[in-house]
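Here is a briefing on one protein structure. Please look at the sequence and the model first.

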Amino acid sequence: MILLNIWATWCPPCREEMPALDRLEGLLGGPDFAVLPLCIDEGGIERGRGFYDEIGLVNLPLYWAEPLRVQLALAFIGLPTTLLIDRETREIGRLQGPFDWGSDEAVRQISDLL
């Protein structure tokens, strides 16, 4: 299962939830689950790298894609947007806006799906 989080460094709610996503990946990441943060900054992946270094993210990988391509492909409007994708690559959940992914309740709910 993949938790695909679409974010940008200029988005305050995105920046706020990244430490919780880092914690979630640290707790549950492995062969059955991965957090995939997809940065869509116009400036490219370097802005994302700088942000990771700035706040000390250690568990999350970093991916980048062109903003317009991502928006057209995934039909989202605002940031952050998070999609839960199952093993058959089907979207089984979508959340628009920030969320405390590192909370005990979020960890439990995702664990129950694995």
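The points below cover cysteines, strands and salt bridges in turn.

This is a predicted model, in which local features need pLDDT of at least 70, side-chain atom pairs count only at pLDDT 80 or more, and totals for chains, interfaces and linings use all residues. Residues are numbered from 1 along each chain as its sequence is written, and side-chain values use heavy atoms, with hydrogens and water left out. The structure holds one disulfide. The salt-bridge count is 11.

**Cysteines**

- Cys11 and Cys14 are joined by a disulfide, with 2.4 Å between their sulfur atoms. A disulfide here is a pair of cysteine sulfur atoms within 2.5 Å.
- The torsion about the S-S bond of Cys11 and Cys14 is about 75°, so this disulfide is right-handed.
- Cys11 and Cys14 are both buried. Buried means under 20% relative accessible area, exposed means over 50%, and partly exposed lies in between (1.4 Å probe, protein chains only).
- Cys39 is buried, because its relative accessibility is 0%.

- Strand 4 covers residues 81-85, and five of its five residues are buried. Strands (E, at least two residues) and helices (H or I, at least four) are DSSP runs, numbered from the N terminus.
- Which residues of strand 4 lie on each side? Thr81, Leu83 and Ile85 are on one side, and Thr82 and Leu84 are on the other. Both faces are covered.
- Strand 1 (residues 2-7) pairs with strand 4 in the antiparallel sense, over five bridges. Two strands pair if DSSP finds at least two bridges between them.
- Ile2 is opposite Ile85 of strand 4.
- Strand 5 (residues 91-96) also runs antiparallel to strand 4, joined by five bridges. Gln96 in strand 5 is the bridge partner of Thr81.
- Strand 4 and strand 5 make a hairpin, with five residues between them. In the turn, Thr89 has a positive phi of about 65°.

**Salt bridges**

- Side chains of opposite charge can pair when their charged atoms come close. The cut-off for a salt bridge is a side-chain nitrogen of Lys or Arg within 4 Å of a carboxyl oxygen of Asp or Glu.
- Asp41 and Arg47 form a salt bridge, and their closest N and O atoms are 3.5 Å apart.
- Is Asp41 buried or exposed? Asp41 has 0% relative accessibility, so it counts as buried. Arg47 counts as partly exposed, at 46%.
- Glu88 and Arg90 meet through their side chains in a salt bridge, at 3.0 Å from N to O. Arg90 is partly exposed, since its relative accessible area is 48%.
- A network of salt bridges links Asp86, Glu88 and Arg90.
- Asp112 and Arg108 meet in a salt bridge between their side chains, at 2.9 Å from N to O.
- Where do Asp112 and Arg108 lie? They are both in helix 4 (residues 104-113), four residues apart, which is about one turn of the helix.
- Asp112 is exposed, with 54% relative accessible area. Arg108 is partly exposed, at 41% relative accessibility.
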